[in-house]
Amino acid sequence: MRVEIQCEDRIGMVREALDLFIPHGIDMRLVEVDTKRRCIYCGFPDIPFSKLQQLLADLRRLESVEDVKIVMFTPSEREHNALYTLLEALPDGVISVDLKGNITMATELAAEDLNVSVTELLHKPLHQVIKGFNVTKDTWANPRESMSKRIRIRNKTLLLEMKPIFVADDDGVMNPAGTVIYLKTKTRLERQTASLKHAPDAESHLEAYFKPEVIKSDAMKHTLVQAKAFADVSMSLLIHGEVGTGKRDLIEALFQYWYKRQGEPDARLIARNAGDITCEEMAEWEQLSGWLVIYDIEQLTPKVQIELAKWLVRQPSIGTSLDSNLRIISVSSLPRSQLADGVTLNKDVYFALATLVVNVPALRDRREDLEGLVQQITQTHSERYRQPAVTVSKSALIKLSLYSWPGNLKELQNVCLQTLLTVKHTEWHPQDIHLPASDNVVGGLLTLKDGSLDKTVKEWEAELLKQLYPRYPSTRRLAKAVGMSHSAIANKLKEYGIST
């Protein structure tokens, strides 16, 4: 239980308040004074309500007391927990030691790196936890500069970066108070370095939001060419594609591209679901600035469609983004033919919303991007869930490329996450990746041909190469994809009569 006593800042105030706790036999656990807020905070175990009422009444009768109330936590407790939450969110483990080299704080990631629990770390000398880590007592007592040490613990190399902690006294003199230690692993350093390589380009190029390895396909290249061409005009834009193709990511990347080039300071990316839009809300759109993204436009009510058509008519039909403060971006997963049939949407509304159109291709039309997408997704999931970085074998990539991906990028993300959390080794093989069986066998169920395993394997191999060759339309590209020599692939294509 915590009590906040708001009062004047005068000598003896704290003692007078604490004296009132003694008659009630209350065991004080915490006393904190906040001079800026003019408050005294007292922490103690829960007491009966009748005793609490009497205590609060006694405190209110003290001279200079302005208010007394129960609070959930003190300012220092809130700040401590906010700091600890921030440290836990950092990509590296953190340990704090005092002037004697004893551990006073440790994050979960630091404990995981050292292969112990947080409770096993706290209040222990650091040299007991990390054998062979030799730092003199004088170094802990007088930390004057940053330093780094490389250690090896349980077959894992760690880089320890130590930074001194200083606290100012009443005269402003900075005194040493301990040391903060960042624990960095080789894997995390490589991820951070890879992220930095892409950061500068992300400030000016739309493609940088999609790494080069995930825009190799002609379909995605065409989409980005269109997106860039349509970014700087104010006309309504329809973005459509199957469920899970990444339409939201494209919109966010396109908005940032536009905003950095010519966006107004107050421009915002506003997202609304079509089914939630009302006519009353539309009356306020004139005061908005930026892009209004309407998801699932097929859910617009007939009444809102009429008002939306009127609103769009009032907007400039041709011009730059400076002609209007608000641009409408509509989104749908339905085919354009269905949207334009006059039943799903009013035709006037559809053609006003679809002044410009960008199609986000399905994953089955982006086979060349699959390897890069898997790498990108696994790297993101590994960082988020603090799992080791993984690689995907050639045979596993072939298995993934043969699947039709009805759920597109979203399904790929789900499969990668499931595999990451269940497979303990760091190189994925075909048997590690579980896909729906009905859509993962070339040519359907295999049957033994003429009682011969050799003939069956050759038939399956021929069918596989027939499906792979259009996606890797040269013997060199196909050889690289399946991990075979150029001559071996050329001979197999010739043997199976696959035209090159």
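Let's start with a pair of helices: helix 9 (residues 218-230) and helix 10 pack at an angle of about 40°, with their axes 10 Å apart. That angle makes helix 9 oblique to helix 10. On the wording, angles under 35 degrees count as roughly parallel, over 145 as roughly antiparallel, 65 to 115 as roughly perpendicular, and the rest as oblique. The axes are lines fitted to C-alpha atoms, for helices over the stretch in contact, and the angles run from 0 to 180 degrees between N-to-C directions. Helices here are DSSP runs of H or I with at least four residues, strands are E runs of at least two, and both are numbered from the N terminus.

Before going on, please keep in mind that this is a predicted model, where local features need pLDDT of at least 70 and side-chain atom pairs count only at pLDDT 80 or more, while totals for chains, interfaces and linings use all residues. Residues are numbered from 1 along each chain as its sequence is written, and side-chain values use heavy atoms, with hydrogens and water left out.

Back to our pair. The crossing of helix 9 and helix 10 is right-handed, meaning that the near helix is turned clockwise from the far one by less than a right angle, with anticlockwise being left-handed. Which residues make the contact? From helix 9 they are Thr-223, Leu-224, Ala-227 and Lys-228, and from helix 10 they are Leu-250, Leu-254 and Tyr-257. Contact here means heavy atoms within 4.5 Å.

Now for the core. The largest nonpolar core has 48 residues, and Leu-237, Ile-239, Leu-250, Leu-400, Trp-405 and Leu-412 touch the most other members. Helix 10 (residues 247-262) gives the most to this core, with 7 residues. By nonpolar core I mean a set of buried Ala, Val, Leu, Ile, Met, Phe, Trp, Tyr and Cys residues joined through side-chain atoms within 4.5 Å. Buried means under 20% relative accessible area, exposed over 50%, and partly exposed in between, using a 1.4 Å probe and protein chains only. There is also a second, separate core of 26 residues, which includes Ile-270, Ile-277, Leu-339 and Val-349. As background, nonpolar side chains tend to be buried together in soluble globular proteins.

Ile-251 is found in helix 10, and it is buried, with a relative accessible area of 1%. Leaving aside neighbours within four places in sequence, Ile-251 is in contact with Ile-239, Leu-269, Trp-291, Val-293, Tyr-295, Ile-329 and Val-331.

Leu-370 takes us to helix 15. The axes of helix 15 (residues 370-384) and helix 16 (residues 394-402) come within 10 Å and cross at roughly 110°, so the two helices are roughly perpendicular to each other. Leu-370, Glu-371 and Val-374 of helix 15 make that contact with Leu-397, Leu-400 and Ser-401 of helix 16.

Helix 15 also packs with helix 17 (residues 408-422), at an angle of about 55° and with the axes 10 Å apart. These two are therefore oblique to each other, and their crossing is right-handed. On the helix 15 side, the contact residues include Leu-370, Leu-373 and Ile-377; on the helix 17 side, they include Leu-409, Leu-412 and Cys-416.

Let's move to helix 20 (residues 486-495). Which of its residues are buried? They are Ile-489, Lys-492 and Leu-493. These three cover an arc of only 100° around the axis, which puts them on the same side of helix 20; the arc is that of the directions from the helix axis to the C-beta atoms. Asn-491 and Lys-494, on the other side of helix 20, are exposed. After helix 20 comes Gly-497, with a positive phi near 65°.

Arg-38 has a phi of about 55° and sits in the loop between strand 2 (30-34) and strand 3 (39-43). Arg-38 is partly exposed, with a relative accessible area of 32%. His-123 has a positive phi of about 70°, in the loop between helix 5 (118-121) and helix 6 (126-129). His-123 is exposed, at 65% relative accessible area.
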